[in-house]
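Subject: Structure for your review

Dear colleague,

Please find below the structure that I am handing over to you. My notes on what was found in it follow directly after.

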Amino acid sequence: MSSCVLVCSDEAHPHDGVELPTEMDGTLLLSIVQSQFDKATGLKYRNQTTGAWRAVRVMDGVLYPPENGWGDLVYVAVSLKPEAEEAAGGDSGKRKMAVGDSIVSERAAKNPRSTSPDAQREGDSGGQYGSEDLIVLGLEWSVTDGELRKYFEQFGDLRIAEVKKDMVTGRSRGFGFIRFADPKLQYEVYEKKHVINGRRVDLSYSRKSASYLPCKIFVGCLPLKDEVTKDDLKEYFGAYGALSDVYIPRPYRGFGFVTFQDGQVAMKVMSTKHQLKGSTLNLTVAEPKNASHGHAHRPGGM
């Protein structure tokens with residue numbers, strides 16, 4: 001049965017955590033964790049008997065619950081230490097430098113004319129992803145750089161098309177970056193809906209500008225016994241402002257997404273508490289923290 005697991009970045013601030021939905025078999029996808037903690041490689045929790053940290057077992061991108069289930073424990077997202085990231089890169093001993101959300105070699109960082117996607121971003125935007133970049137979220141795991149490029153080149157010439165991969169396993173992390181040669185195409189493509197390899201994907205801007213407010217909200221902890229429908233979400237959240245999108249994944253797992261037409265309305269909705277069919281809802285911006293504007297959840301139409 002699906003439930004929610006409370007995950008935070010710091011044990012001392014559990015109230016800043018995010019409740020993440022589990023799968024029907026009780027497992028938690030690492031991609032769901034990374035949608036909110038983008039560099040996470042696993043979870044840990046306090047052993048209630050010894051007080052020591054205990055790691056959550058992870059295999060092939062799936063986190064398995066402790067022996068007694070997830071319970072009401074607070075889980076902390078963990079990531080590779082800097083020296084481990086360098087070792088995992090395996091670039092013939094070259095020292096790595098953090099550039100935005102990516103790791104590039106020191107040589108590439110000194111050479112902005114490098115043809116690598118990461119170095120192009122570094123050269124064009126002062127060490128961070130450029131404001132023109134779009135994040136492509138919710139990619140099917142088998143999508144390659146070439147398939148990503150082939151799909152979006154139908155809208156215009158691309159400078160960058162890259163699927164982000166786990167540094168250790170080499171597997172896709174379920175999202176990527178694109179940049180069009182013509183910046184005017186960015187907004188046009190952003191406004192469209194997209195399906196790649198049969199899966200609906202979502203686009204978002206990679207770096208927050210002063211004028212941008214996210215409109216899409218992740219709605220967690222929907223009641224499991226009394227299933228919530230799209231019409232229920234439309235009726236409830238539509239009372240706060242005009243909606244452009246409502247989506248509940250199937251099979252039903254106790255979470256969904258609503259998108260407001262006005263970002264200010266979305267932020268106002270998130271600032272208050274909500275209950276639906278007797279369940280207290282968990283609302284968060286449907287985007288990864290720190291690095292980007294977007295989410296790894298599956299969007300859908302009204």
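Two strands are taken to pair when DSSP finds at least two bridges between them. On that basis, β3, β7 and β6 form an open sheet of three strands in that order, with antiparallel pairing. Because β3 (28-29) and β6 (58-59) each have a single partner strand, they stand at the edges, and one side of each is left without a neighbour in the sheet. β6 and β7 (residues 62-63) are joined antiparallel by two bridges, and Met-59 stands opposite Val-62 in β7. Please note that the model is a predicted one.

A second open sheet has four strands in the order β17-β18-β16-β21, again with antiparallel pairing. Its edge strands are β17 and β21 (282-285), each of which pairs on one side only. From one strand to the next, the twist averages 20°. β17 and β18 run antiparallel and are joined by four bridges; Leu-243 stands opposite Phe-260 in β18.

Two helices accompany this sheet. α7 lies across β16, β17, β18 and β21, and runs at about 145° to β17. α8 packs on the sheet as well, touching β16, β18 and β21, and its direction makes about 145° with that of β21.

Which residues of α8 are buried? They are Gly-263, Ala-266 and Val-269. Seen down the axis of α8, these buried residues fall within an arc of 120°, so they line one face of the helix. The buried residues of α8 pack against β16, α7, β18 and β21, whereas the face turned away from the buried side carries the exposed residues Gln-264 and Lys-268.

The largest nonpolar core has 18 residues, of which Ile-217, Val-219, Leu-222, Leu-233, Phe-237, Val-258 and Phe-260 touch the most other members. At least two residues of this core come from each of β16 (216-220), α7 (230-238), β17 (243-247), β18 (256-260) and α8 (263-270). The most is given by α7, with three residues. Leaving aside its neighbours within four places in sequence, Phe-237 is in contact with Val-219, Leu-243, Val-258, Phe-260, Val-269, Leu-281 and Leu-283.

Turning to charged side chains, the count comes to seven salt bridges. Among them are the following:

- Lys-216 and Asp-202 form a salt bridge whose closest N and O atoms are 3.3 Å apart. The pair links distant parts of the chain, with Lys-216 in strand β16 and Asp-202 in strand β15 (residues 199-205), 14 residues apart. Both Lys-216 and Asp-202 are buried.
- Glu-227 and Arg-250 meet through their side chains at 2.5 Å, N to O. Glu-227 lies in the loop between β16 and α7 and Arg-250 in the loop between β17 and β18, so the pair ties together parts that are 23 residues apart in sequence. Glu-227 counts as partly exposed because its relative accessibility is 36%; Arg-250, at 51%, counts as exposed.
- Arg-149 forms a salt bridge with Glu-153, with the closest N and O atoms 3.5 Å apart. Arg-149 is partly exposed at 26% relative accessibility, and Glu-153 is partly exposed with a relative accessible area of 40%.

With kind regards

Note on methods: Residues numbered from 1 in each chain as written. Predicted model: local features only at pLDDT ≥ 70, side-chain atom pairs only at ≥ 80, totals over all residues. Heavy atoms only, no water. Core = buried A, V, L, I, M, F, W, Y, C linked by side-chain atoms within 4.5 Å. Buried < 20%, exposed > 50% of the residue type's maximum accessible area, 1.4 Å probe, protein only. Contact = heavy atoms within 4.5 Å. Axes fitted to C-alpha atoms, helices over the stretch in contact; angles between N-to-C directions. Arc of directions from axis to C-beta. Salt bridge = Lys/Arg side-chain N within 4 Å of Asp/Glu carboxyl O.
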